[in-house]
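Thanks for coming. I will take a few minutes to go through one structure, starting with the whole chain and ending with some single residues.

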Amino acid sequence: MTATMTDAPPPAAPKAADAPQRSGRSLGLILMIVAGALLLVAAVRVITGANQLDSAGQVAAALGLAVPIGLAGLAGLWSERAGVVNIGLEGMMILGTFGAGWIGWQSSPWLGLLCGIAFGVLGGLVHAVATVTFGVDHIVSGVAVNLLALGATQYLAKLFFADGKAAGAGGNPKQSPPADTLPDVTVPGLSDGLASIEKHHWFLVSDLAGIIGGLITNLSVVTIIAVLLFVGSWWLLWRTPFGLRLRSCGENPVAAESLGVNVYQYKYAAVAVSGGLAGLGGAFLALVTSHTYLEGQTGGRGYIGLAAMIFGNWRPGGLAMGAGLFGYSDALQLRNGGVTVHALLLLLVVLLALLAGWKLYKKALVQGVVSAIMAALVLVWYLLTDEVPSDFVGATPYVVTLLVLSLSAQRLRMPKADGMRYRKGQGK
């Protein structure tokens with residue numbers, strides 16, 4: 001055992017300097033943070049008059065945009081917890097959109113959903129063969145999957161949608177004919193009551209009504225499936241022997257193999273599941289968001305999903321928060337974005353001021369001063385303008401992605417063997 005660990009590649013071996021992983025925050029602290037965030041948002045809404053800030057429509061739009069990002073991030077979590085970096089998530093989502101649109105319009109949206117998952121699994125298996133079996137660099141393989149998926153779907157769309165029955169039903173070389181709608185779920189009575197409370201614009205009460213109303217009104221059944229997948233992934237990866245073995249492949253595959261774990265098998269399973277989840281995210285775009293396959297409709301959500309996964313520190317809970325944040329920022333473009341983003345500047349001022357105070361309290365003078373200067377500059381921007389330019393509103397999701405990654409980078413802890421080449425037999 002000792003000799004084997006000595007002969008293993010140094011990056012995959014545990015480092016003596018690494019401290020034990022800290023336990024998660026307590027439930028009480030999480031509830032306090034959520035309550036504080038709600039009070040802060042409610043106060044900003046009242047001060048600025050931007051009632052769309054947490055309205056039911058804004059929350060519903062954010063949820064719809066967060067689901068494909070969250071599924072892409074969950075796909076990346078499965079793969080990277082097994083030690084395989086999956087840059088090919090964007091390509092697997094593209095395959096999912098095509099598969100869902102291709103089968104969805106010909107038969108039923110449910111079969112289209114399954115086909116989207118299957119196409120994503122196919123892309124995941126291609127990535128697994130390249131990285132696990134042949135040892136190709138994970139980044140190179142992921143980029144190749146993205147390019148292959150883009151080219152293949154463009155060719156197949158011209159082949160299947162440009163003429164014949166598909167063309168007569170509304171298809172063309174860049175899109176499929178429309179598919180039937182998947183069912184939505186609305187809580188009867190409660191949704192109408194919450195909408196009535198929201199219209200009064202009461203402090204905190206109307207904010208809670210708007211948020212809850214957006215979460216229970218016209219909720220797609222695929223969104224419910226996505227929530228169950230998040231909970232199921234957490235339970236399976238952190239509460240079962242299967243999950244322990246899979247995560248051991250991403251931490252130290254040599255040690256895992258020496259204890260009898262079939263590392264290749266677990267890596268293949270993780271990357272296949274990763275592809276299926278990404279394909280489901282693409283199918284959501286094709287069947288729920290637009291009811292048709294469109295060329296380029298993923299719009300980089302696979303990469304944003306990776307950013308959400310990193311923001312969540314490779315854990316489902318943090319990933320869900322990151323996906324919600326990115327979905328919310330993306331939804332601002334759809335609902336009076338310039339005015340709402342302008343109101344968010346005041347919220348950003350408060351957060352930067354709190355961050356500055358915390359850094360100064362921790363004796364991090366440079367970071368504290370920089371945060372205070374940024375807060376002052378954003379405050380000046382807020383006071384001197386009435387609305388944020390539309391060009392900036394369109395870039396909001398990507399600006400939020402960069403800010404979140406830069407602020408959370410110091411607290412990240414990726415799997416130790418993530419992205420490292422592993423050859424069978426090293427643990428024997």
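A contact, in what follows, means heavy atoms within 4.5 Å. Counting the contacts in the protein chain with a separation of 6 or more, 78% are between residues 24 or more positions apart.

Before going further, please keep in mind that this is a predicted model. The average pLDDT of the protein chain is 86, and 90% of the residues score at least 70. The start of the chain is another matter. Over residues 1-24, pLDDT stays under 50. For that stretch the model has 24 contacts beyond four places in sequence.

Now the overall make-up. There are 19 helices and two strands in the protein chain. Of its 428 residues, 45% are buried.

How far apart are the axes of helix H4 and helix H14? They are 7 Å apart. H4 covers residues 89-104, H14 covers residues 301-311, and the two pack at an angle of about 130°. Angles over 145 degrees would count as roughly antiparallel and 65 to 115 as roughly perpendicular, so H4 is oblique to H14. Their crossing is right-handed.

Which residues make this contact? From H4 there are Leu-89, Glu-90 and Met-93. H14 brings Arg-301, Gly-302, Tyr-303 and Leu-306. Sorted by class, the contact between H4 and H14 has four nonpolar residues, one polar and two charged.

The last part is about backbone angles. Most residues other than glycine have a negative phi. Here are two residues with a positive one.

Take Trp-314, which is not a glycine and has a positive phi of about 60°. Trp-314 sits in the loop between H14 and helix H15, the latter being residues 316-331. Is Trp-314 buried or exposed? The relative accessible area of Trp-314 is 5%. Buried means under 20%, so Trp-314 is buried.

Then there is Asn-218, also not a glycine, with a positive phi of about 50°. Where is Asn-218? Its place is in the loop between helix H9, residues 205-216, and strand E2, residues 219-220. The relative accessible area of Asn-218 is 54%. The cut-off for exposed is over 50%, so Asn-218 is exposed.

Definitions and conventions: Residues are numbered from 1 along each chain as its sequence is written. This is a predicted model: local features need pLDDT of at least 70, side-chain atom pairs count only at pLDDT 80 or more; totals for chains, interfaces and linings use all residues. Side-chain values use heavy atoms; hydrogens and water are left out. pLDDT is the predictor's confidence in each residue, from 0 to 100. Axes are lines fitted to C-alpha atoms, for helices over the stretch in contact, and angles run from 0 to 180 degrees between N-to-C directions. Helices (H or I, at least four residues) and strands (E, at least two) are DSSP runs, numbered from the N terminus. Angles under 35 degrees count as roughly parallel, over 145 as roughly antiparallel, 65 to 115 as roughly perpendicular and the rest as oblique. A crossing is left-handed if the near helix is turned anticlockwise from the far one by less than a right angle, and right-handed if clockwise. Ala, Val, Leu, Ile, Met, Phe, Trp, Tyr, Cys and Pro count as nonpolar, Asp, Glu, Lys and Arg as charged, and the others, Gly among them, as polar. Buried means under 20% relative accessible area, exposed over 50%, partly exposed in between (1.4 Å probe, protein chains only).
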